[in-house]
Structures are given as structure tokens and as C-alpha cells.
Amino acid sequence: MQKSNVFPCGSRESGQSLIETALVLPLLLLLAFNAINFGYFFVAALNITSAPRSGVQYAILGYSTPGQLAQPPAGPSNNQASVSYLTFEDMRRVLPNSAGALVQVCSSTIGLTNPGTINQKSACTTFGSGPAPPGPATDPEAPMFVLSKVDVVYQVQPLITPFSLLGIQLALLPNMNIHRQVSMREM
């Protein structure tokens, strides 16, 4: 009877598949983690786009808003029915780090600079941290109309922060600032 030098079936292949798995795993994790982060950035951008749109619509309604006789002052600490509070709450419900958001509301109910002239502009209040965006421009048909504006600036941080596995950086998406501004005319 002859002795065979052949290894039992599958023992060499199992070691090979472990090495292949170890080599491909960082690439698969890189793709999966960045797909999750990209999806989160997309959801954050959609939310930050809709928040100022809702805020400026509320700012233009002013005293016509049901249950309100006058537009409340800006800022979440001042009144829970203010435009900046409602805009901030729109973002806070979905975005975890919304404490760093900046909300600027410019409306005629807050006040007017140069009232009754062609240089008439609405006054602005700002809530949050960071440099304030510029105020609204004058309306081309001032003093008949005035521009109301809501600005939102938010820094999106990835859900999965960068880390290394076997010397390979696995999350490549950096922090990103998103700035959305919506303007509407009011009479």
C-alpha cells in the first residue's frame, strides 16, 4: 500500500480563504461605512433644506398665523412660538448635533431699517453659534414689498467617524458645512 502525500480535502483551501477574507474585509467595510455616512449626509441635507423653507413661510404669515396676534420675538429662549425656535426644532428632531446650528431670521415683524424708502430692509435676529450670514437685500419694489429671509448653517459630522483597520483609513468623508437660505417677499 502506498502512502499519499496529499492533505485531507479542504485543509489548504480553508487557509487560503481566511487570507482572502482578511485582505478583502477592509475594502468591504470601507464601502459599507461610507455608504452609511453618505446616506446620513443626504438625509441631513434634505432636512436642512426644508427647515428654512418652513421658517420663512411662518415668518411671512405673521399675525395671520392661527392663534397668534403678533409675531413672537426670535430665539428659542425667548418664546417657543418664534420662527427661529420652530426652524431649530425642525432640524433638532432629526439631526443629533443641532446645538451647533445657526439660525438667522430676517422679517418685517422683527423690524425695518430705513422704513418707507427704497432702501427699506427687514431687521434680523440670530440664534446659535458661528458667524452670521449677511442680511437680506433690498427688495426691487421697496417700499411696497420687503424681503423676509431665514438662513440656516449646520455642520454635519459623519455618523461613523474615521478609524483605521490594519493601517487602512476606513471612513473617508469629512465634516461638511451646509448653508441654506430661503427668501420670500412680503407686503
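This is a predicted model: local features need pLDDT of at least 70, side-chain atom pairs count only at pLDDT 80 or more; totals for chains, interfaces and linings use all residues.

Trainee: How do the side chains of Asp151 and Lys149 meet?

Mentor: They meet in a salt bridge, at 2.9 Å from N to O.

Trainee: And how many salt bridges does the structure hold?

Mentor: Three. Arg185 pairs with Asp139 at 2.8 Å, N to O. Arg185 sits in strand β6 and Asp139 in the loop between β2 (121-128) and β3, so this bridge ties together parts that are 46 residues apart in sequence.

Trainee: Which residue does Arg185 form a salt bridge with at 3.5 Å?

Mentor: That partner is Glu141, with 3.5 Å between the closest N and O atoms. Glu141 is in the loop between β2 and β3 while Arg185 is in strand β6, so here the linked parts are 44 residues apart in sequence.

Trainee: Is Asp139 buried or exposed?

Mentor: Asp139 is buried, because its relative accessible area is 3% and the cut-off for buried is under 20%. Glu141 has 42% relative accessibility, so it counts as partly exposed. Through shared partners, the salt bridges join Asp139, Glu141 and Arg185 into one network.

Trainee: Speaking of rings, how many aromatic pairs does a search of the whole structure find?

Mentor: One. It is formed by Tyr40 and Phe41, whose ring centres are 6.4 Å apart and whose planes meet at 40°, so the pair is tilted. Tyr40 and Phe41 are both buried.

Trainee: Let me step back to the whole fold. What order do the elements run in from the N terminus?

Mentor: The order is α-α-β-β-β-β-β-β. In other words, the protein chain has two helices and six strands. Of its 187 residues, 35% are buried.

Trainee: Is α2 mostly covered or open?

Mentor: Mostly covered, with seven of its ten residues buried. Among them are Tyr85, Phe88 and Met91, along with Ser84 and Glu89.

Trainee: Which residues touch the most other members in the largest nonpolar core?

Mentor: Ile48, Met91, Leu95, Tyr154 and Val156 do, in a core of 22 residues. At least two residues of this core come from each of α1, α2 (83-92), β1 (102-113), β3 (146-156) and β6 (176-186).

Trainee: And which of these gives the most?

Mentor: α1 does, with nine residues. As background, nonpolar side chains tend to be buried together in soluble globular proteins.

Trainee: Where is Ile19?

Mentor: Ile19 belongs to helix α1, which spans residues 11-61.

Trainee: And why does Ile19 count as exposed?

Mentor: Because its relative accessibility is 55%, and exposed means over 50%.

How values were computed:
Residues are numbered from 1 along each chain as its sequence is written. Side-chain values use heavy atoms; hydrogens and water are left out. Rings of Phe, Tyr and Trp (its six-membered ring) pair if their centres lie within 6.5 Å; planes under 30 degrees apart count as stacked, over 60 as edge-to-face and the rest as tilted. Buried means under 20% relative accessible area, exposed over 50%, partly exposed in between (1.4 Å probe, protein chains only). Helices (H or I, at least four residues) and strands (E, at least two) are DSSP runs, numbered from the N terminus. A nonpolar core is a set of buried Ala, Val, Leu, Ile, Met, Phe, Trp, Tyr and Cys residues joined through side-chain atoms within 4.5 Å. A salt bridge is a side-chain nitrogen of Lys or Arg within 4 Å of a carboxyl oxygen of Asp or Glu.
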